[in-house]
Number of protein chains: 2
Amino acid sequence: MSHMPKFVQLNEEGPREGFQIEKGPIPTERKVELIDALSETGLSQIQVVSFVNPARVPGMADAGEVVQRFKRKPGIRYTGLWLNSKGLERALATGVLDIKGSLSLTASAKFLARNQQRSMEENVAAQHDLIRLYKQHNVPIERASIMAAFGCNFEGDIPHERVLGLIRTIFDLAEEHGLTIKLVSLADTMAWATPLSIKRLVGAAREKYPELRLALHLHDTRGLGCANAYAGLEMGVDEFDSTVAGLGGCPFAAHKGAAGNVCTEDLVFMLQEMGIETGVNLERLIEVAQLAEDIVGHPLPGSVKMGGSLKPLRAAAMH
Amino acid sequence: MSHMPKFVQLNEEGPREGFQIEKGPIPTERKVELIDALSETGLSQIQVVSFVNPARVPGMADAGEVVQRFKRKPGIRYTGLWLNSKGLERALATGVLDIKGSLSLTASAKFLARNQQRSMEENVAAQHDLIRLYKQHNVPIERASIMAAFGCNFEGDIPHERVLGLIRTIFDLAEEHGLTIKLVSLADTMAWATPLSIKRLVGAAREKYPELRLALHLHDTRGLGCANAYAGLEMGVDEFDSTVAGLGGCPFAAHKGAAGNVCTEDLVFMLQEMGIETGVNLERLIEVAQLAEDIVGHPLPGSVKMGGSLKPLRAAAMH
């Protein structure tokens, strides 16, 4: 408990995850409505869209329009996602997003082959190209992520040593290009992590690279999202990705309320009740989670939007 | 991590919680089907019914019949719940249940007044009567529970000192009647606990009463069921109540998949993946969770029954 952070940075990815995965179609104005509502909750970073092939991800065909229409609130970093130079150029062309570069390695060779048709070596080579592209556009690069860091549906368990080796690879890449990577996000892409594996991997990474800041990208597919986040907190992790109402979900079972990404308001509830600041107004966020459910038109997995916060109960108990 | 238990005892309460709260009506034969399926999962304790007023809990009107019809598997303790002498007598009359007495105090005076129309003092007096009743029927008493130990919807936060005082009261009660209470179950009846409050209260209780075994009864209403269980594990807690598929749920929002009790298969998944034995076959338990969903006719909150275990993925990854 001694290492628990006092403040946690939450990176809201609900709009991007949700609009990407939901069958919809969701009207552009409702996407804008969700983003604008999130802007009033105190969240400091919101990923609003992805710039991907609209033929493959129809829910993102209106990404450019969404970006032009939502109301930018000062102090919030609005981000986007891209997978290639074309996507990056579209993101840059919007002129309104906070464009930061990030390196991305994957701990599973099989997952990498299936999803990006690359070998581990080819993926490292691709990062060199990516760095050159970012530099060409004057995009700063201070972060990296490692996908499938805790296990892979196609390859099975991932040895922690491999992940530590990939962090070394990231540092080598950075050094070669005169960059400084300050944060590495460990992604439990396919929900294989447990509190114990979180503690072990984060602990090993922290021991080997004490100066490196670590973030966690967690999924709740097997019900351990908050438990894994708690284990991360106990190891001093102070940055998490999450989605309001658990948007994103499991595409194969979204209607059943199957959980995908760890849910922002559940995380905020846990943090707030443990005295950890997030800057987020939980009551407002719960309302936005309910709005998200209304927008997608089916139940979403988060619990606190149904269970409620303790604030009104505490207030009533005073009387 | 050093205090994590090697084996965890799970007390399955799904049938009792589920049949009690579900609108149904659920045919008796389907209740029996669920209990018989649970008997094949390796669970060692299953609470099958409650002996309550059928006018108030119509789902338990067939409790006596359920008890006569399910197939008792050797080695499993089948238990029931009762709230008064009439209920206990019905439970005893079945002749097939494992009848053990338990003392029950409540940490919230307001909750106690609302639910049992008793003051704290009257509730202690009622425990004396209960002990006499148990003794009269030769029912052993080695356990006690404290409801609302982490917070109360009507009274707000519950000071840890009050819970420690109630443990003292339990010991005093036991001493007066020549009993030895070996285990106290701390119940987060209204889902107010966080991993931090679990650690603090369990830690304080353990420090003050080092010989006492502690169990946790957790609810997942605000998404922290597994996180709270993990915090308990880290404090050495090795016994939990839980319900298959999260049966029980929130009566006000069951159709939305709102979580009530912490879900057995999610807990077993977490424990198994962390190398902690439960004696439970997770794959079979997942099938029973799916059966439970079929029986109640609407989605239930558990995650692993949708997300799946890692066993088939690991097996496939070997090829």
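Me: How many helices and strands are there in chain A?
Reply: This is a predicted model, and chain A has 13 helices and eight strands in it.

Me: OK, and what radius of gyration does chain A have?
Reply: Chain A comes out at 19 Å. A compact globule of 319 residues would be near 20 Å, so the two agree. Along the principal axes, its C-alpha atoms fill a box of roughly 65 × 45 × 35 Å.

Me: What share of chain A's residues count as buried?
Reply: That's 51% of the 319 residues.

Me: Switching to chain B. In what order do the strands sit in the sheet?
Reply: The order is E3-E2-E1-E8-E7-E6-E5-E4, eight strands in an open sheet with parallel pairing.

Me: Which strands stand at the edges?
Reply: E3 (77–82) and E4 (101–106) of chain B do. Each has a single partner strand, so one side of each is left without a neighbour in the sheet. From one strand to the next, the twist averages 25°.

Me: How many bridges join E5(B) and E6 of chain B?
Reply: Four, in the parallel sense. As for partners, B:Arg143 is bridged to B:Leu183 in E6(B).

Me: What does H7(B) lie across?
Reply: E4, E5 and E6 of chain B, and H7(B) runs at about 145° to E4(B).

Me: Now B:Asn153. Where is its place in chain B?
Reply: In the loop between strand E5 (141–147) and helix H7 (160–176).

Me: Does B:Asn153 count as buried or exposed?
Reply: Buried, because B:Asn153 has 21 C-beta neighbours inside 10 Å, and the cut-off is 20 or more.

Me: Which residues is B:Asn153 in contact with, leaving aside neighbours within four places in sequence?
Reply: A:Leu313 and B:Met190.

How values were computed: Residues are numbered from 1 along each chain as its sequence is written. Chains are lettered from A and ligands numbered from 1 in the order in which they are written. This is a predicted model: local features need pLDDT of at least 70, side-chain atom pairs count only at pLDDT 80 or more; totals for chains, interfaces and linings use all residues. Helices (H or I, at least four residues) and strands (E, at least two) are DSSP runs, numbered from the N terminus. The radius of gyration is taken over C-alpha atoms; the globule rule is 2.2 Å times the number of residues to the power 0.38. A residue is buried if 20 or more other C-beta atoms lie within 10 Å of its own, exposed if 12 or fewer, and partly exposed in between; C-beta atoms are placed from the backbone. Two residues are in contact if their C-beta atoms, placed from the backbone, lie within 7 Å. Two strands pair if DSSP finds at least two bridges between them. Axes are lines fitted to C-alpha atoms, for helices over the stretch in contact, and angles run from 0 to 180 degrees between N-to-C directions.
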